[in-house]
Amino acid sequence: MAEWSREERYRRLEDVESTQLEDLKHQVASSKYRQTYHIQPETGLLNDPNGLIYFDGKYYVSHQWFPLGAVHGLKYWFNYTSDDLVTFEPQGPILKPDTPYDSHGVYSGSAFEHEGHLYYMYTGNHRDDNWERYASQMIAKVEKDGTIHKFGQPVIAHQPDGYTSHFRDPKVFEYEGEFYAIIGAQNNNELGRFLFYKTVERQLDKWEFVGELHTNLEDFGYMWECPDYFKLDGEDVILFSPQGLEAKGDKFRNIYQSGYIIGELDFDSLTFEHNEFIELDNGFDFYAPQTFVDEHGKRILIGWMGLPEINYPTDEEGWAHCLTIPRELSVEDGKLRQRPLKALEKLRTNKETALGYADKFSRMLYPYEGTQYELNIEILENEASEIYFELRTSRKCSTLITYNTREQKITLDRTESGLLPNNVTDMTRSTILDTPLKHLQIFVDTSSIEIFCNDGERVLTSRIFPDEAATGIKTSTMSGQVYLQFTKYELKGER
Ligand code: FRU
């Protein structure tokens with residue numbers, strides 16, 4: 001893809017001819033990789049989910065957005081509303097880079113409710129003439145008629161002493177009657193940290209620095225992006241996206257990670273006693289997730305199905321990335337479980353089932369096929385040493401999921417998936433399950449696959465770019481038989 005100059009990256013949407021934008025829209029709409037039930041940008045680049053909330057009977061889901069092409073440029077928030085988190089109404093850009101404090105990007109942030117109003121707290125990104133970065137934390141109020149009122153000044157003007165201007169992504173929560181924000185930061189030794197701020201008597205324009213959270217992660221990457229704190233099933237949980245970890249065996253193989261620590265957070269001493277960092281997703285494309293509470297009181301997670309600094313096959317078409325499907329979180333046996341949002345069942349049509357054996361000679365070949373579906377596979381008996389599930393197969397393509405029974409290891413192999421992001425090393429991602437594989441619930445859209453193992457014990461999320469003829473589903477084994485129950489639904493999305 002042609003290099004973008006700084007000037008091109010920082011061009012405002014409002015300064016672009018409408019015909020140019022229309023042309024881009026047409027080009028993007030004709031892409032054969034457009035998703036059908038995932039949130040994706042109409043044009044340009046989508047990254048982090050932002051401002052997730054159930055407010056006044058409606059869901060609000062925004063995301064980071066650079067409208068003019070598949071590069072990280074001047075960021076806006078693009079907003080959707082929804083009644084059910086299954087279908088979404090695009091509302092357009094809701095926060096724009098239109099003040100001196102966010103002139104170089106309305107960066108990530110969260111939503112909260114105060115006295116019946118919806119508010120956003122986000123990072124204002126500003127650069128000076130020497131391209132020096134300044135980060136401040138800002139608040140915007142959403143009026144009942146939808147108009148946005150940004151507070152005139154940042155509510156946190158800059159990072160505290162001892163930290164660099166990598167200071168961003170406030171996640172607001174309430175604790176003992178005050179609003180708190182957990183903010184991703186980097187200290188002067190270039191180590192990732194969490195900083196806590198809180199309001200003074202719930203005044204949204206008065207925030208005081210509470211301090212740095214003490215964790216067991218002294219030296220764990222150079223920046224911690226997109227932190228999220230919540231209490232779930234009696235445990236304190238922090239999700240975050242650390243940058244700068246080295247790969248260790250099957251762990252940390254993507255350019256950047258996202259995961260969680262779980263334990264007990266003491267707000268008085270600002271100390272978190274927690275378990276080891278666990279990755280939230282073991283696939284190729286997952287970053288910067290954010291959570292919120294739904295209308296039923298469930299904790300829901302949505303992530304960015306992409307990563308920074310990777311070129312994707314759709315870049316040339318003027319768009320990149322999508323959000324994941326929503327996942328419901330719970331804590332079970334000290335770990336997070338992630339199950340697909342139940343309401344997604346609304347998308348199901350054309351149920352097909354099959355029951356049978358697969359072995360190394362007879363590839364179980366299913367009559368049904370597809371490009372947008374949910375596939376549930378129950379492993380009823382397993383005497384195979386390895387089981388192979390191939391999806392989106394054609395003569396040229398196959399996306400391969402391998403289960404190694406002895407090691408209890410699941411591997412996603414993208415070698416033959418079709419077009420590939422061009423600067424990702426190695427073609428597989430693997431993880432060892434806690435329990436033998438009994439169940440796979442797989443969501444396939446035009447250019448993605450989300451694999452839930454054993455009822456949310458592990459998830460592997462990836463973009464794939466197969467040809468349109470790649471519709472087949474196949475199963476076989478290395479040796480020994482496996483007895484399987486398949487249930488497949490076509491998924492009818494609207495996008
Ligand atoms: C994570 C991130 C955030 C930042 C935003 C900018 O992907 O780098 O830390 O706020 O993206 O788009």
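Analyst: Happy to! One term before we start: two residues are in contact when they have heavy atoms within 4.5 Å of each other. Please also keep in mind that this is a predicted model.

User: Okay, got it. Which domains does the protein have?

Analyst: The domain assignment gives domain 1 (6-340) and domain 2 (346-491). Their centres, taken over C-alpha atoms, are separated by 31 Å.

User: And how many residues of each domain are in contact with the other one?

Analyst: On the domain 1 side there are 37 residues, and they are in contact with 43 residues of domain 2.

User: What does UniProt list for residues 38-340?

Analyst: An unreviewed UniProt entry lists residues 38-340 as "domain: Glycosyl hydrolase family 32 N-terminal".

User: What is that stretch made of, helix or strand?

Analyst: Residues 38-340 are 56% strand and 0% helix.

User: Let's go inside. Which residues touch the most other members of the largest nonpolar core?

Analyst: Those are I39, V61, L85, F292, L344 and F443, in a core of 45 residues. Several elements each supply at least two residues of this core, among them α2 (18-29), β1 (44-55) and β3 (76-82). Strand β2 gives the most, with four residues.

User: Where does this core lie relative to the two domains?

Analyst: Domain 1 (6-340) and domain 2 (346-491) both give residues to this core, so it lies between them.

User: You mentioned F443. What does F443 touch?

Analyst: Leaving out residues up to four places away in sequence, the partners of F443 include Y37, I325, P340, L344, Y373 and F452. L491 is also one of the residues F443 touches.

User: Which residues are in the second core?

Analyst: The second, separate core has 31 residues, including I377, L391, I451 and L484.

User: New topic: charges. Why would side chains pair up at all?

Analyst: Side chains of opposite charge can pair when their charged atoms come close.

User: How many salt bridges does the structure hold?

Analyst: There are 29 salt bridges in the structure. One of them joins the side chains of E174 and R202, at 3.0 Å from N to O. This pair links distant parts of the chain, 28 residues apart: E174 is in strand β9 (residues 163-175), and R202 is in the loop between β11 (192-200) and β12 (203-212).

User: Are E174 and R202 buried, or partly exposed?

Analyst: E174 is partly exposed, because its relative accessibility is 47%. R202 is partly exposed as well, with a relative accessible area of 28%.

User: What about R327 and D281, buried or exposed?

Analyst: Both R327 and D281 are buried. Their side chains also meet in a salt bridge, at 2.8 Å from N to O. That pair links distant parts of the chain too, with R327 in strand β21 (residues 327-332) and D281 in the loop between β17 (278-279) and β18 (287-293), 46 residues apart.

User: Can you give me one more salt bridge?

Analyst: E345 and R348 meet through their side chains, with an N to O distance of 4.0 Å. E345 is partly exposed, with a relative accessible area of 35%, and R348 counts as partly exposed at 24%. Elsewhere, salt bridges that share partners join E332, R337, R339, D455 and E457 into one network.

Conventions
Residues are numbered from 1 along each chain as its sequence is written. This is a predicted model: local features need pLDDT of at least 70, side-chain atom pairs count only at pLDDT 80 or more; totals for chains, interfaces and linings use all residues. Side-chain values use heavy atoms; hydrogens and water are left out. UniProt positions are given in the numbering used here, feature names are shortened, and annotations may be inferred rather than shown by experiment. Buried means under 20% relative accessible area, exposed over 50%, partly exposed in between (1.4 Å probe, protein chains only). A nonpolar core is a set of buried Ala, Val, Leu, Ile, Met, Phe, Trp, Tyr and Cys residues joined through side-chain atoms within 4.5 Å. Domain bounds come from an automatic or database domain assignment.
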